[in-house]
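Here are my notes on the model, as numbered points. They go from the whole chain to the helix packing and then to the ligand.

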Amino acid sequence: MPVEKALNTLLSRRKFHSLSSRADSRACKLRCRFNHLIRNCSSANPAVVVAGDEKYGNKQVISITPRLYDYILANVREPQILRRLREETANMRGSQMQVSPDQAQLLAMLVQILGAERCIEVGVYTGYSSLAVALVLPDLGCLVACERDAKSLEVAKKYYELAGVSHKVILKHGLAADALKSMILNGEAGSYDFAFVDAEKKMCQEYYELLLQLVRVGGVIVIDNVLWHGKVVDPMVNDAKTISIRNFNKNLMEDKRVSISMVPIGDGMTICRKQ
Ligand SMILES: C[S@@+](CC[C@H](N)C(=O)[O-])C[C@H]1O[C@@H](n2cnc3c(N)ncnc32)[C@H](O)[C@@H]1O
């Protein structure tokens with residue numbers, strides 16, 4: 001029996017729940033240690049994570065080990081042109097900023113499910129996620145791609161050309177918030193189907209508010225890095241970016257203008273659908 005299964009069996013035994021208060025606290029410490037062990041289990045099988053709150057019925061979810069992640073990546077249908085772009089970007093500064101192939105595939109699928117024709121991306125870098133979206137847009141569709149860095153935009157442009165999707169991409173070189181504000185002033189509110197936010201993390205709330213105006217009812221806004229390398233749950237981490245992502249996630253949880261789903265893919269993405 002794998003060690004995590006044995007520990008879970010032990011944890012779920014009824015006697016664990018009916019102890020005196022002293023024994024209770026010892027059991028609690030033991031439980032924490034066991035949970036810690038489960039979380040850090042290095043068996044050949046993927047480790048499982050169990051919710052700390054017992055009201056979730058000891059629900060087990062998988063923890064993505066490197067081996068399991070390789071398996072996920074091996075099951076992504078990555079178009080050849082995206083692969084080329086990814087491999088070229090791998091040698092560039094900031095390559096870790098690029099979304100992962102499984103994330104890009106999910107974004108493209110959301111665009112397809114929505115039947116989106118008008119999309120926005122905030123934070124293009126060398127174009128991996130924007131190209132994934134542009135590839136699945138209909139020929140008359142458009143993607144407004146906002147990026148402040150001219151050098152990375154050159155790479156993106158080259159790949160839009162190579163992929164034959166340049167006619168679908170409207171590049172906005174400069175600060176994304178300025179571009180979004182001028183689109184609103186231009187009367188484009190409510191005319192977009194899909195938006196992806198992957199730029200300055202401290203600006204998330206502002207991008208979101210502007211995009212909420214630009215997206216139609218039923219449209220979707222996806223925000224990247226909502227788990228921020230796990231720092232959102234680490235009480236020892238209180239830098240400005242982490243605090244701002246925490247606040248953004250909290251605000252989103254209370255925001256009745258959208259329905260939401262936080263997905264543990266990549267660095268965490270929240271999918272918001274405008275009500
Ligand atoms: C995480 S990367 C985007 C990665 C891209 N989505 C991909 O998958 O390849 C963030 C990008 O946002 C850009 N950026 C950051 N702040 C910005 C701003 N205020 N306006 C426009 N672009 C910005 C950065 O230059 C960087 O290229």
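1. A residue is called buried here if 20 or more other C-beta atoms lie within 10 Å of its own, with C-beta atoms placed from the backbone. By that count, 32% of the 275 residues of the protein are buried. The model is a predicted one.

2. The protein has ten helices and nine strands. Taking contacts between residues at least 6 apart in sequence, 67% join residues at least 24 apart.

3. Helix H6 (128-136) deserves a separate look. Seven of its nine residues are buried, so H6 is largely enclosed by the rest of the structure. The buried residues are Tyr128, Ser129, Ser130, Leu131, Ala132, Val133 and Ala134.

4. One packing partner to note for H6 is helix H5 (residues 101-114): the two axes are 9 Å apart, at an angle of about 35°. The crossing of H5 past H6 is right-handed. From H5, the contact takes in Ala104, Leu107, Ala108, Val111 and Gln112, while H6 contributes Tyr128, Ser129, Ala132, Val133, Leu135 and Val136. Nine of these contact residues are nonpolar, two are polar and none is charged.

5. The crossing of H8 past H9 is left-handed.

6. Which residues of H8 and H9 meet? On the H8 side they are Ala176, Ala177, Leu180, Lys181, Met183 and Ile184, and on the H9 side Glu206, Tyr207, Leu210, Leu211, Gln213 and Leu214. By class, the contact of H8 with H9 has nine nonpolar residues, one polar and two charged.

7. The ligand has 20 residues around it, and those that come nearest are Met97, Gly123, Tyr125, Ser129 and Ala176. Helix H6 and strand E4 (142-147) each supply at least two residues of this shell. The shell divides into ten nonpolar, five polar and five charged residues.

Technical notes: Residues numbered from 1 in each chain as written. Predicted model: local features only at pLDDT ≥ 70, side-chain atom pairs only at ≥ 80, totals over all residues. Near = placed C-beta within 6 Å. Helix = DSSP H or I, 4+ residues; strand = E, 2+ residues; numbered from the N terminus. Nonpolar A, V, L, I, M, F, W, Y, C, P; charged D, E, K, R; others polar. Left-handed = near helix turned anticlockwise from the far one by under 90°. Contact = placed C-beta atoms within 7 Å. Buried ≥ 20, exposed ≤ 12 C-beta atoms within 10 Å, placed from the backbone. Axes fitted to C-alpha atoms, helices over the stretch in contact; angles between N-to-C directions.
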